[in-house]
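Here is a short tour of one protein structure. Follow each stop in the viewer as you read.

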Amino acid sequence: MKLTLFILLIFHNFLLHAKTSDDFALIIHKPFQSGLVDITQNYDGTLSALGFTYDFKKQSLHADKTYNDPFAYLQNISNKYGAKIELIKVNDKAQIIQSKIIPLTQFAKPASFVKTPANGYIIGGYTMGGSQLLVLLDAALHLKRSVSFGTKNNNTIHKLVSLKDGGVLAIGTSFTSRSTQDNMFQSGLGNDDVCISRFDKDAHLLWTKKYGTQYDDQGIDASEADDGSIIVLSTTHTKMKTAVNISRLTQNGDNIWLKEIPDNGFNEPVSLLRLKDHNFVISLAKTDTMHKKQIRLVKFDIYKNILIDSEISTTYSSQINDLKEFSDGTLIGVGFVRDSFNTDGLAMIISKNLKLLKQEHYGGENYDVFNKAVILANSQVGVAGIHTDKNSNENNMWILKLNKDATIAQIARNTLDFYTQLRQLFQKEIDTKKVIIKKDLTIEFTAKNLYFKAGEYKLGKQQKKFFREFFTKLVNFLYTHRMQVKTLEINGHTSSEWKNSTFSGRFLNNEELSMKRSYEAFKSLFLVQNPTKQKYLTHILKGSGLNYRNRIIINHTEHKEKSRRVSLKIILNKHSHH
């Protein structure tokens, strides 16, 4: 299997590196098993990832205490040695700026989290005692509220869904209690039933309901439709098959319709996404005749009509754990790809009609998986998952940023960082006094053979040779850091004179000449690039004729020869400035 990333040890944390040391990839090691299950972007642009870790304290049980009840013993040790919720906050330089463990007794595992309107978090999970669990944290990660709910046996939460009113919907599975204390509606019909609970923005329970058959039913995912109704993805397991169901509920949880997705082999539903066109798409893992997982995507509307049913066949067994949509309607799916030897994190770019456009694999020679993704404000993608080191059996927390084309993103640089790297790249040209690079990222060409002759705009032989080499190096650098670059300006300049001309004629002639000089440099830069770089440049290039407004003045006198030139200006995206 193709390995895109290799692992290097840096201090106590590991960073994954592909082509450069600037890759946005962070592995967080803990003393014991750990992992990340969800990720979101905060209002300040940082990333927060939800995970679990184990906090094994040194203090032992009281030696003189006797436990007659094994469950009391397990509860006692779970309070000391059980799993813990951990929230990790990371800035745009892939640095951990906050890490907090939320101490809860009898905690088993987190499943999902959402941002609150007050910049806090609501976390969903479940306990070792079999209860579903909702946790409300404020913006400072202080525990404000913890709610346990569900029947008396095994309950799990699979997903939390943000609602338009600021509340959340928890979807999961509840084991039938069969208790005389519970009525039939609460206890359910089969062994497992779909359990859906609605909470307000302060994590107060509004209602909880169960849905199912006499067989085993599981709640997988849900989404809120534009009209406030709820679309639910679930399964029904019988001895013969696993049925994949979609259903629509009212805001109060009353059933509107139920539909079984057409069966074409064994299908396991994984996630549900509401699209910008008001329709929905589900990701399924379909097992083929070779017992290999293939990806199946089904798009449907609010009236349960199947619009697209697409299968993505891959060389290796693959699964999409999470789907997200870009503003242009293309999708990114993250999950895993597996062969006989190892498992890698998988990122797929998928078209509007649910066809594969591109895929990338990330990981080492062991177990790596992407669990969740979030589309960021700048159209990059934050990804959370699990990484396992080579020759290890312990899972670790894993955070990456990907570009819109599924390649790994670079760590954001501020203007000063960019300036320093540019100077390092062109140190030879600076030392030989051919180029000046200013802190505002303006690039001036200062060698005598790089100026234009009076009235001319065509590049000379020496200009062409120099610009060909310079522009190739520059565009390679900009492309590597393309998520930070907004614009590359190519500005043409002139001196202020124009023989035998009026003021208006002098200005207009110089305006035309400066634009022609800009265009010739523009063309020279563009034509020496390969098709991929040319396509990239169409998004950032800007040619301008600046006339003689920025002419070169030395000792209060215009230097006419040096004024006849082109210059470059790099403008970074706002998120790259600090």
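## Helix 3 and its covered face

This model is predicted. Start at helix 3, which spans residues 415-425. Its buried residues are T415, F418, Y419, Q421 and L422. Viewed down the helix axis, these residues fall within an arc of 165 degrees, so they line one face of helix 3.

The other side of helix 3 looks outward: L416 and Q424 are exposed there. What covers the buried residues?

Strands of a sheet pair through backbone hydrogen bonds, either parallel or antiparallel. Now find the open sheet with the order 4-5-6-7; its pairing is antiparallel. Strand 4 (35-41) and strand 7 (96-102) are the edge strands, and each pairs on one side only. On average, neighbouring strands of this sheet are turned by 20 degrees against each other, direction ignored.

Look inside the sheet. Strand 5 (residues 47-54) and strand 6 (residues 83-90) run antiparallel, joined by eight bridges. F52 stands opposite I85 of strand 6.

Is strand 30 (residues 395-402) mostly covered or mostly open? Mostly covered: eight of its eight residues are buried.

Strand 3 (residues 25-28) pairs with strand 30 over four bridges, in the antiparallel sense. There, A25 has L400 as its bridge partner. Strand 29 (residues 381-388) also runs antiparallel to strand 30, with eight bridges between them.

Strands 29 and 30 form a hairpin, with six residues between them. In the turn, N391 has a positive phi of about 60 degrees.

Note on methods: Residues numbered from 1 in each chain as written. Predicted model: local features only at pLDDT ≥ 70, side-chain atom pairs only at ≥ 80, totals over all residues. Heavy atoms only, no water. Buried < 20%, exposed > 50% of the residue type's maximum accessible area, 1.4 Å probe, protein only. Helix = DSSP H or I, 4+ residues; strand = E, 2+ residues; numbered from the N terminus. Arc of directions from axis to C-beta. Pairing = 2+ DSSP bridges. Axes fitted to C-alpha atoms, helices over the stretch in contact; angles between N-to-C directions.
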